[in-house]
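Open the model in your viewer and keep the selection tool at hand. The stops below say what to select and what is there.

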Amino acid sequence: MSNSARVEPQQERATRRLANFLDVAAVLFAEIGYEATTMTAIAERSGSGIGTLYHYFPDKQSMAFALLNQYAQKLEAYWKPLMEQAETLSHTAFAETFLERVIEFLRERPAYLQLLAAPIQFSRDPAARRALRVAIANAFRAKDPSLTSVKAMLAANITLQMVKGMTTLYGEAGPREKPLIIAEYKKALTHYLGSILSEDERSSKERSR
């Protein structure tokens with residue numbers, strides 16, 4: 001018991017310090033970009049020595065990967081409530097809300113766009129990637145039970161590719177272009193989902209009566 005009591009404060013400090021390093025890195029990535037950010041700048045902004053930073057992260061890329069993993073988990077949390085409501089929404093409402101939540105996430109975490117554009121190869125855990133696609137596919141099947149599991153999974157993959165495309169263009173666009181890009185992708189996703197979820201408008205109205 002005495003050993004664990006001595007270790008716990010160290011663990012708590014280490015957890016806070018690690019979180020602070022990542023927070024500072026995210027701010028710098030958003031301010032000046034991934035390539036211009038240095039480990040020295042992160043340590044200085046954090047108020048820590050460079051040796052302490054290297055104790056937690058061997059290099060800048062490892063910090064980027066840690067942030068991207070965090071962001072991936074948080075982005076899924078934005079989508080999960082929508083997946084649970086999908087059955088009661090029209091395909092138009094689903095498409096628009098889905099993309100709006102992605103944009104909300106991007107606006108709140110500008111470092112995410114900088115990291116996506118950075119010259120690093122980041123690959124998410126295959127199990128986590130599949131879990132997200134299965135959740136979206138299940139939402140589509142809840143809206144249209146006639147969809148086969150294969151077609152629902154394909155639709156989920158295509159939907160996520162649309163999100164990926166929108167995110168890339170959104171990150172490259174200027175302030176005036178961003179709303180136009182969002183609007184066009186909303187139309188594209190709405191049209192696509194309308195073509196595969198032909199019964200959802202009618203069934204949604206019937207359920208609301």
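## First stop: leucine 193

Select leucine 193 together with what it touches: His91, Phe94, Ala95, Phe140 and Thr159, leaving out residues up to four places away in sequence. The model is a predicted one.

Leu193 is also among the residues with the most contacts inside the largest nonpolar core, along with Met63, Trp79, Phe94 and Phe98. That core has 62 residues. To see where they come from, colour helices H1 (2-32), H2 (39-46), H4 (60-85), H5 (91-108), H6 (110-116), H7 (126-143), H8 (149-172) and H9 (177-196), each of which supplies at least two residues of the core. Which helix gives the most to this core? H4 does, with ten residues.

## The whole chain

Zoom out and show the protein as a cartoon. There are ten helices and zero strands, so the pattern along the sequence reads α-α-α-α-α-α-α-α-α-α. Of the 209 residues in the protein, 40% are buried. Among contacts with a separation of 6 or more, 68% are between residues 24 or more positions apart.

## Helix H5

Select H5, which has 18 residues. From its first C-alpha to its last it reaches 26 Å, close to the 26 Å expected at 1.5 Å a residue. Now show the side chains of its buried residues: His91, Phe94, Ala95, Phe98, Leu99, Arg101, Val102, Ile103, Phe105 and Leu106. As a guide for looking down any such helix, an α-helix has 3.6 residues a turn, so residues three or four places apart point the same way.

Next, select Arg107, also in H5. Is this residue buried or exposed? Arginine 107 is exposed because its relative accessible area is 57%, and the cut-off for exposed is over 50%. Apart from neighbours within four places in sequence, Arg107 is in contact with Tyr170 and Ile182.

## Where H5 meets H9

The axes of H5 and H9 come within 8 Å and cross at roughly 145 degrees, and the crossing is right-handed. On the H5 side, the contact is made by His91, Thr92, Phe94, Ala95, Glu96, Phe98, Leu99, Glu100, Ile103 and Arg107. On the H9 side, select Ile182, Tyr185, Lys186, Leu189, Thr190, Leu193 and Gly194. By type, the residues of this contact divide into nine nonpolar, four polar and four charged.

## Helix H8 and threonine 159

Move to H8, a helix of 24 residues. The distance from its first C-alpha to its last is 35 Å, close to the 34 Å expected at 1.5 Å a residue. Its buried residues are Ala152, Met153, Ala155, Ala156, Thr159, Leu160, Met162, Val163, Met166, Thr167 and Tyr170. Which helices do the buried residues of H8 pack against? They pack against H4, H5, H6, H7 and H9.

Select Thr159, which is found in H8. Threonine 159 counts as buried because its relative accessible area is 0%, and buried means under 20%. Setting aside residues up to four places away in sequence, Thr159 touches Phe98, Phe140, Leu189, Tyr192 and Leu193.

Start with Tyr56, in helix H3 (residues 50-56). Tyrosine 56 is partly exposed, with 21% relative accessibility. Draw a distance from Tyr56 to Ala14: they are 42 residues apart in sequence and 8.9 Å apart in space, C-alpha to C-alpha.

Go on to Lys80, which lies in H4 and is exposed at 54% relative accessibility. How many residues apart in sequence are lysine 80 and isoleucine 136? The separation is 56 residues, while the C-alpha to C-alpha distance is 9.1 Å.

End at Gln121, in the loop between H6 and H7. Glutamine 121 is exposed, at 75% relative accessibility.

Notes
Residues numbered from 1 in each chain as written. Predicted model: local features only at pLDDT ≥ 70, side-chain atom pairs only at ≥ 80, totals over all residues. Heavy atoms only, no water. Core = buried A, V, L, I, M, F, W, Y, C linked by side-chain atoms within 4.5 Å. Buried < 20%, exposed > 50% of the residue type's maximum accessible area, 1.4 Å probe, protein only. Helix = DSSP H or I, 4+ residues; strand = E, 2+ residues; numbered from the N terminus. Contact = heavy atoms within 4.5 Å. Expected span 1.5 Å × (residues − 1). Axes fitted to C-alpha atoms, helices over the stretch in contact; angles between N-to-C directions. Left-handed = near helix turned anticlockwise from the far one by under 90°. Nonpolar A, V, L, I, M, F, W, Y, C, P; charged D, E, K, R; others polar.
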